[in-house]
Amino acid sequence: MLNKNFKEGEYVYVPSGVVGYIFDDAGGVEKYIKFKEPKLLMFLGQEIDSGFGGEYLCKLFYEGTVYSIHQENVYSRGEL
């Protein structure tokens, strides 16, 4: 479990094929999106989700919605 240190408001890179999730109050998946193309998205924060085995999830802003994405699929622009 790697904790990447992104800064709030920073744009981060998400490759194509990555899935972003919106969770309901019970922790179930309410909605998801699979990115067909690579994206630069705004980083809003990080959380540990016990539903995913204690993994870090990044909260990323895309088209007016905040999605949770596994941090191993999120990269700093400097890693491109």
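The protein chain has seven strands and zero helices. The model is a predicted one. Along the sequence, the elements run β-β-β-β-β-β-β.

**Whole chain**
- The protein chain has 80 residues, and 34% of them count as buried.
- Its exposed surface comes to about 5000 Å². Carbon and sulfur atoms supply 48% of that area.
- Among contacts in the protein chain with a separation of 6 or more, 50% join residues 24 or more positions apart.

**Ser-68**
- Ser-68 has 7% relative accessibility. Buried means under 20%, so Ser-68 counts as buried.
- The side chains of Ser-68 and Glu-47 make a polar contact of 3.2 Å.
- Glu-47 is also one of the residues in contact with Ser-68 when neighbours within four places in sequence are left aside.

**Lys-39**
- Lys-39 and Pro-15 are 24 residues apart in sequence. Their C-alpha atoms are 6.4 Å apart in space.
- Not counting residues up to four places away in sequence, Lys-39 touches Val-12, Tyr-13, Val-14 and Tyr-62.

How values were computed:
Residues are numbered from 1 along each chain as its sequence is written. This is a predicted model: local features need pLDDT of at least 70, side-chain atom pairs count only at pLDDT 80 or more; totals for chains, interfaces and linings use all residues. Side-chain values use heavy atoms; hydrogens and water are left out. Buried means under 20% relative accessible area, exposed over 50%, partly exposed in between (1.4 Å probe, protein chains only). A polar contact is a pair of N or O atoms within 3.5 Å; within protein, one must be able to donate a hydrogen and the other to accept it, and residues adjacent in sequence count only if both atoms are side-chain atoms. Contact means heavy atoms within 4.5 Å. Helices (H or I, at least four residues) and strands (E, at least two) are DSSP runs, numbered from the N terminus. Accessible areas come from the Shrake-Rupley method with a 1.4 Å probe; for residues, only the protein chains shown count as cover.
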